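Student: I would like to go through this model and ask what stands behind each term used for it.

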Amino acid sequence: MTELFVDCQSGLSGDMLLSALLDLGVPREVVDNPLNSVGLGKAYELKIEESSSYGMRGLKVFVKALEKNPPLRRFNDIRSFVESAEWSECLRLNVLDVFRALAEAEASVHGHSFEEVHFHEIGSIDSIVDVVGVCAAVEHLEPKFISCTNPPAGVGTVETSHGVLPVPVPAVLELARRHQILLNGEDKMPSGEVTTPTGLALM
């Protein structure tokens with residue numbers, strides 16, 4: 001593949017990226033194998049189904065958490081299992097880069113050390129599946145270039161583990177600031193979170 005272009009005018013999230021990459025023909029085992037190899041295969045269930053929006057078809061991915069008592073993961077916890085994983089060097093570095101970007105943004109917002117920042121939603125198994133799955137799928141496709149449209153900022157509020165936050169949430173704003181990403185501020189979007197920290201960090 002020469003170029004991978006992501007048209008994210010209607011939103012950008014980890015599951016949206018994963019759905020699109022699987023719809024391009026990436027085999028499901030490309031997503032599952034690296035997660036199985038670090039003992040997370042039984043921590044989630046991946047459901048892939050056909051969907052449609054505005055008359056156009058596509059795939060929709062649902063990650064169901066199967067962890068009975070999910071741990072509260074910090075960046076150091078994730079770094080530990082990624083660095084010890086028997087993955088390609090490219091996959092390890094890309095996954096760590098995404099989680100480091102998320103940790104640094106969250107740390108800046110909450111005033112903590114990025115190594116010890118609690119990930120909450122970002123450290124949940126569905127986010128781990130999204131990050132590892134997207135990075136593995138991109139590695140499988142081997143694009144020479146990746147580009148995207150400006151992600152939408154969104155409007156309104158969203159319920160999080162920290163309570164109700166304005167959209168875009170502070171972590172998205174911090175990621176955009178740090179990486180000089182221009183968010184699309186059109187007010188035609190429906191109310192709610194359309195660009196997530198995980199989606200923006202992956203992109």
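This is a predicted model: local features need pLDDT of at least 70, side-chain atom pairs count only at pLDDT 80 or more; totals for chains, interfaces and linings use all residues.

Tutor: Residues are numbered from 1 along each chain as its sequence is written, and side-chain values use heavy atoms, with hydrogens and water left out.

Student: What is the average pLDDT of the chain, and which elements have the lowest and highest means?

Tutor: pLDDT is the predictor's confidence in each residue, from 0 to 100. The chain averages 90, and 95% of the residues score at least 70. Helices (H or I, at least four residues) and strands (E, at least two) are DSSP runs, numbered from the N terminus.

Student: Why is α3 called roughly antiparallel to α4?

Tutor: The axes of α3 (residues 75-83) and α4 (residues 89-110) come within 10 Å and cross at roughly 175°. Axes are lines fitted to C-alpha atoms, for helices over the stretch in contact, and angles run from 0 to 180 degrees between N-to-C directions. Angles over 145 degrees count as roughly antiparallel, under 35 as roughly parallel, 65 to 115 as roughly perpendicular and the rest as oblique. The crossing angle therefore makes α3 roughly antiparallel to α4.

Student: Which residues make that contact?

Tutor: Contact means heavy atoms within 4.5 Å. Phe75, Ile78, Arg79, Val82 and Glu83 of α3 meet Arg92, Val95, Leu96, Phe99, Arg100 and Ala103 of α4.

Student: What makes Asn76 partly exposed?

Tutor: Asn76 is found in helix α3. Buried means under 20% relative accessible area, exposed over 50%, and partly exposed in between (1.4 Å probe, protein chains only). Asn76 has 24%, so it is partly exposed.

Student: Which residues of α6 are buried, and what do they pack against?

Tutor: In α6 (residues 170-178), Ala171, Val172, Glu174, Leu175 and Ala176 are buried. The buried residues of α6 pack against α4 and α7 (197-202).

Student: How are α1 and α5 packed?

Tutor: Helix α1 (residues 14-23) and helix α5 (residues 125-141) pack at an angle of about 35°, with their axes 9 Å apart.
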